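Me: I am new to this one. Show me the structure, and I will ask what the terms rest on.

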Protein chains: 2
Amino acid sequence: MLTRSEEDHLKAVFALLQDGESAFTKDIAARLSTKASSVTDMLKKLAEKGFLKHEPYYGAKLTAKGTAHALTLVRKHRLWETFLVERLSFGWDEVHEVAEQLEHISSPKLVDRLDDYLGNPRFDPHGDPIPDRQGKLRVRKTKRLDTCTTGDTVRIAAVSETTDGLLRLLDSKGLRIGSVLTVQELHAFDGSMDVKPKSGAAFSLSKDVSHHLQVESN
Amino acid sequence: MLTRSEEDHLKAVFALLQDGESAFTKDIAARLSTKASSVTDMLKKLAEKGFLKHEPYYGAKLTAKGTAHALTLVRKHRLWETFLVERLSFGWDEVHEVAEQLEHISSPKLVDRLDDYLGNPRFDPHGDPIPDRQGKLRVRKTKRLDTCTTGDTVRIAAVSETTDGLLRLLDSKGLRIGSVLTVQELHAFDGSMDVKPKSGAAFSLSKDVSHHLQVESN
DNA sequence: AAAATAAATTAGGTGAGCCTAATAAACGAT
DNA sequence: ATCGTTTATTAGGCTCACCTAATTTATTTT
Ligand SMILES: [Mn+2]
Ligand SMILES: [Mn+2]
Ligand SMILES: [Mn+2]
Ligand SMILES: [Mn+2]
């Protein structure tokens, strides 16, 4: 049985490994708003318990056991977010904090029943894939909107980095998961991009925004 | 903000005060499977924070603030139990443990949305009243089945003490909240009682069981 | 290659929440 | 009124999850 703090560290390592090769102490600390020395303590403990390998000064990698447990956390987090949005009418910018608590509720029966109750959703409100009962995570090949070029027509698949501010900005522009956009112009000066939604007038997106939108070809 | 442990202590005091005048250290300890010395520590802390008055050697009483917070916990606990049974098809003997965790999730919006989603239920799966948004607890006047006499016809209103074993025993006899029974005979020897359900054959209930059934006149 | 910088670890300390053992208070029975 | 029992509190110690400050290791710059 892992504590809430151990689970949050494990999840941070998992998230950082999604792209990079290793998860580094300072990045874990930043993600959890804690200090590097605290992270070192925790990495030692998690390594002792067999959830990860800690190579001092060279970061951490998950073991199979660690990956499996991290996937149950991700599954719970995303299922709860889906419940909050689909059933309790929360906004997609209001769920992260609560799901951060709910993901630590320990009851395998609860998770699986919730999954069925929601109709075994494949993606959470932010477009992120939900691991299935066996912990299998279906990864889609998407690209970032800021890597697209003029004329591309794409569909928004996911928002990476679900900070409330970004989500509310998207709301205000009428953008959501599934929205279809055509890139009209790129501005080298500030990296901003003019896009045109399927219906409605074109508008501009800053690099900060387009960088965090995962899109797929339409 | 109270910790999970503080909240559990507060809830124990609240539960013990329902009948008695004061909540005593040893009873709180028994209820939480902890030691009296740990409870003393916690009572001091909760008293300092203004949730209760601790009269050393004479137990604890809740302040208005303490009662209000305890009621939010009871509300959350019972709403989650209702959700688990009504929406996720849990048995009434399977929900206590999980609700014990869920009651500590901190999000006023979540509780109230859940309440609405469930249709503002007045009672939980065990027949216990659910405090409303304002913390008002509607108490019914019920009597224990073991205080009834021959010929009484009553409806089961609630099960006090929701231990899994008792609940499963009731399941096996086809008894649930709302079941109507007529008392046929009392056996002084062991305190057992013969009862006849509305439809079906009469059967016997031990004192251990009848003592924990709250009933109301039909 | 040495020096400067960045990152990580270690050392040592704190408070929360538990424990056991020792002590003190309350209370029922003689 | 005192004794013995029950109950509660205090004293002291442990682990966990943090922290700051000091030190060590790795990396980048000169
Ligand atoms: Mn979390
Ligand atoms: Mn999400
Ligand atoms: Mn609880
Ligand atoms: Mn209940």
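What follows is a short exchange on how the terms apply here.

Reply: This is a predicted model, where local features need pLDDT of at least 70, side-chain atom pairs count only at pLDDT 80 or more, and totals for chains, interfaces and linings use all residues. Residues are numbered from 1 along each chain as its sequence is written, chains are lettered from A and ligands numbered from 1 in written order, and side-chain values use heavy atoms, without hydrogens and water.

Me: Why is Val13(A) called buried?
Reply: Its relative accessible area is 0%. Buried means under 20%, exposed over 50%, partly exposed in between (1.4 Å probe, protein chains only). So Val13(A) counts as buried.

Me: What is Val13(A) in contact with, beyond its neighbours within four places in sequence?
Reply: Its partners include Ala23(A), Leu43(A) and Leu62(A). Contact means heavy atoms within 4.5 Å.

Me: What makes Glu100(A) buried?
Reply: Its value is 17%, so Glu100(A) is buried. His104(A), at 14%, is buried too.

Me: Which residues coordinate the manganese ion (ligand 1)?
Reply: Asp8(A), Glu100(A), Glu103(A) and His104(A) do, at 2.0 to 2.5 Å. Donors are N, O and S atoms within 2.8 Å of the metal (3.2 Å for Na, K and Ca); water is not among the atoms, so sites may look incomplete.

Me: How many bridges join β4(A) to strand β8 of chain A?
Reply: Five, and the two run antiparallel. Strands pair if DSSP finds at least two bridges between them. Strands (E, at least two residues) and helices (H or I, at least four) are DSSP runs, numbered from the N terminus. Arg155(A) stands opposite Glu216(A) in β8(A).
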